[in-house]
Amino acid sequence: MDDHTAGLVLDHVEIRQAGQVLVQLNHRVKPGEVLTLMGPSGIGKSTLLSAITGALAPVFELSGRILLNGRDITELPPHQRHTGILFQDPLLFPHMSVGANLAFGLAPGGSRQNRQARVEEVLAEVGLEGYASRDPDTLSGGQRARVALMRMLLSDPQALLLDEPFSGLDASLRTKVRNLVFERAKACDLPVLMVTHDAEDAKAAGGEVITLGV
Ligand SMILES: Nc1ncnc2c1ncn2[C@@H]1O[C@H](COP(=O)(O)OP(=O)(O)OP(=O)(O)O)[C@@H](O)[C@H]1O
């Protein structure tokens, strides 16, 4: 799809708290593009991402529309929105193996063998062959980040939301994981909305940067 509705559209989105405007944004992120959101702590960056995933806390009021590839998702429950989000903490399920974590991202259905094969395939894609039976807490930070990314992509999202996902990684790992995320998003032609405090992240994203609160 390459018409004017493709990608993530924030159509006059406004989030208020106790009657005060917190965030206002009117913007379209096209497939394969990255929009970076910056701005001081507490300005509402993560809150905006919550509004897109459908996890906005009830203390906030939302107006405007959120559209994903032409679909109005503003009022949909989170599981019907088809958004994927990555946080600073990869949030892998600690009681499940790496393979089970990845299989969780897959749509239900299909044979056990096919699901297992798909899990092995994505592990190999990110250099983690043979890691399916490992516990997440035995992985390094970079390995956990790769598993979290692939689990999210297996759920077949139509937009990728990043909430400072690289800030827990050291400098060289940060560059590698960041490149992997942007490469994957580009390969899947996904619109990406990234929240960061880091100018290097913004530069690496290569897209438009909006600073909230200025
Ligand atoms: N569940 C909630 N209930 C009440 N207030 C909240 C809730 N979540 C966030 N807030 C408030 O909303 C404002 C915006 O928070 P938000 O986390 O979106 O900021 P941010 O720009 O992402 O900050 P940071 O850069 O520090 O992560 C803050 O004042 C915060 O205290």
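# Helix packing and sheet order

Trainee: In this predicted model, what makes helix 4 and helix 5 roughly parallel to each other?

Mentor: The axes of helix 4 and helix 5 (residues 171-187) cross at roughly 10 degrees and come within 10 Å. Angles under 35 degrees count as roughly parallel, and helix 4 and helix 5 are therefore described as roughly parallel to each other. Their contact is made by Gly141, Gly142, Ala145, Arg146, Leu149 and Leu153 on helix 4, and by Leu173, Lys176, Val177, Leu180, Val181 and Arg184 on helix 5.

Trainee: Why are helix 2 and helix 3 called roughly perpendicular to each other?

Mentor: Their axes, which come within 9 Å, cross at roughly 105 degrees. The class of roughly perpendicular runs from 65 to 115 degrees, and helix 2 and helix 3 therefore belong in it. Gly99, Leu102 and Ala103 of helix 2 make the contact with Arg115, Val119 and Val122 of helix 3.

Trainee: How does the reach of helix 3 from its first C-alpha to its last stand against what is expected at 1.5 Å a residue?

Mentor: Helix 3 (residues 112-125) has 14 residues and reaches 20 Å, which is close to the 20 Å expected. Just after helix 3, Gly127 takes a positive phi of about 70 degrees.

Trainee: What puts the buried residues on the same side of helix 3?

Mentor: The buried residues in question are Val119, Val122 and Leu123, where buried requires 20 or more other C-beta atoms within 10 Å. They cover an arc of only 105 degrees around the axis, which puts them on the same side of helix 3. On the other side, Gln113, Asn114, Ala117, Glu121 and Ala124 are exposed, a label that requires 12 or fewer such atoms. What covers the buried residues includes helix 2 (98-105) and helix 4 (141-154).

Trainee: Why are strand 6 and strand 9 said to stand at the edges?

Mentor: The open sheet has five strands in the order 6-7-8-3-9, with parallel pairing. Strand 6 (83-87) and strand 9 (208-211) each have a single partner strand, so one side of each is left without a neighbour in the sheet. From one strand to the next, the twist averages 15 degrees.

Trainee: How do you know that strand 3 and strand 9 are joined?

Mentor: Pairing requires at least two bridges, and four bridges join strand 3 (residues 34-38) to strand 9, the two running parallel. Within these strands, Thr36 stands opposite Val209 of strand 9.

Terms used: Residues are numbered from 1 along each chain as its sequence is written. This is a predicted model: local features need pLDDT of at least 70, side-chain atom pairs count only at pLDDT 80 or more; totals for chains, interfaces and linings use all residues. Axes are lines fitted to C-alpha atoms, for helices over the stretch in contact, and angles run from 0 to 180 degrees between N-to-C directions. The expected span of a helix is 1.5 Å times one less than its number of residues. The arc is that of the directions from the helix axis to the C-beta atoms. Two residues are in contact if their C-beta atoms, placed from the backbone, lie within 7 Å. Angles under 35 degrees count as roughly parallel, over 145 as roughly antiparallel, 65 to 115 as roughly perpendicular and the rest as oblique.
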